Amino acid sequence: MRWCDGAVSRAAEETNRRMLRARDAMDRGYAEPLDVPALARIAQVSEAHFTRTFRATFGEAPHRYLQRRRVERAMFLLRETDHSVTDICFKVGFASPGTFSRTFRAIVGRSPRTYRKEAVATDVPTCFTMAWTRPSA
Amino acid sequence: MFNAITHSQIYVLDQDRALDFYVGKLGLEVNADVDMGFMRWLTVSIPGHPERQILLEKPGPPSLSEETAQQVRELVTKGATGGSLIFSTDDCRKTYETLLSRGVEFTEEPTDRSYGIDCALRDPFGNRIRFTQPKP
């Protein structure tokens, strides 16, 4: 492997690792509005580059990732708690129940209420639940 | 048929940096560190528990082609490889504070779960690690 190939690989790995750090921050702050400037600082890229680099690394735009993360958290709360659907909507960061229900149904294929009826509680560590129940659509 | 799980493996991108982290920060101890010529066999374990080892393996030839090793490195840094580690602890919050003071990067703070209190962190390369204080 040529030296410059190695240098390019190391740079790509470093970028991946920084974007992963930003994605972890999104996972923690999923209920907050998407803060591209803050995430760009975490990832040590410019704001202009953040969205493009995130998409190149993880295959989807940050906003879409956040939407799917919010729906996954909503699925968790629907399974594990008896909070109302409206409460869950706001708790996970959606601005309106209508948007929440529409987005949830589009991604999960069922309404929040139907999902709750059909769901089964799990005892799996959070990071696995988060990864495996995050809807792929 | 089997008596125990003795080894598991995770990919690390640099074995010296891995030692700084897993031993220097997390407090594991070196179980084996052997230059075998074709690879560096490096395992760590919980102090006092050598029967359960974690192999810190660096991807590369001859085990993997350069191209495949590069793919593995990219996946590790995206947090997409399987090698998660889950430890148990007597005191999750105290361990969290200790590791935080050592500069460990946490992704989840200690949180009450149905099975106990746990939190999550990443190693320098992107691997996921959790530790859990089980419910009594």
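This is a predicted model: local features need pLDDT of at least 70, side-chain atom pairs count only at pLDDT 80 or more; totals for chains, interfaces and linings use all residues.
Helices here, at least four residues each, are DSSP runs numbered from the N terminus. Read that way, chain A goes α-α-α-α-α-α-α-α from its N terminus on.

**Chain A overall**
- Chain A has 8 helices and 0 strands.
- The chain is 137 residues long, and 27% of those residues are buried.
- Take the contacts in chain A between residues at least 6 apart in sequence: 59% of them link residues at least 24 apart.

**Helices α2 and α3 of chain A**
- α2(A) covers residues 36–43 and α3(A) covers residues 47–58; the two pack with their axes 9 Å apart, at an angle of about 75°.
- That angle makes α2(A) roughly perpendicular to α3(A), because anything from 65 to 115 degrees counts as roughly perpendicular.
- On the α2(A) side, the contact uses A:V36, A:P37, A:L39, A:A40 and A:A43. Facing them from α3(A) are A:E47, A:F50 and A:T51.
- Sorted by class, this α2(A)–α3(A) contact comes to 6 nonpolar residues, 1 polar and 1 charged.

**Helices α4 and α6 of chain A**
- Here the partners are α4(A), residues 62–80, and α6(A), residues 97–108. Their axes sit 10 Å apart and cross at an angle of about 90°.
- α4(A) and α6(A) are therefore roughly perpendicular to each other.
- From α4(A) come A:Q67, A:R68, A:V71, A:A74 and A:M75. They meet A:T103, A:F104, A:I107 and A:V108 of α6(A).
- The class count for the α4(A)–α6(A) contact is 6 nonpolar, 2 polar and 1 charged.

**Where chain A touches chain B**
- Chain A puts 15 residues into the contact, and chain B puts in 18 residues.
- On the chain A side, the elements giving two or more residues are α1(A), residues 3–28, and α8(A), residues 126–133.
- Which element of chain A gives the most to the side that touches chain B? It's α1(A), with 9 residues.

How values were computed. Residues are numbered from 1 along each chain as its sequence is written. Chains are lettered from A and ligands numbered from 1 in the order in which they are written. Two residues are in contact if their C-beta atoms, placed from the backbone, lie within 7 Å. Axes are lines fitted to C-alpha atoms, for helices over the stretch in contact, and angles run from 0 to 180 degrees between N-to-C directions. Angles under 35 degrees count as roughly parallel, over 145 as roughly antiparallel, 65 to 115 as roughly perpendicular and the rest as oblique. Ala, Val, Leu, Ile, Met, Phe, Trp, Tyr, Cys and Pro count as nonpolar, Asp, Glu, Lys and Arg as charged, and the others, Gly among them, as polar. A residue is buried if 20 or more other C-beta atoms lie within 10 Å of its own, exposed if 12 or fewer, and partly exposed in between; C-beta atoms are placed from the backbone.
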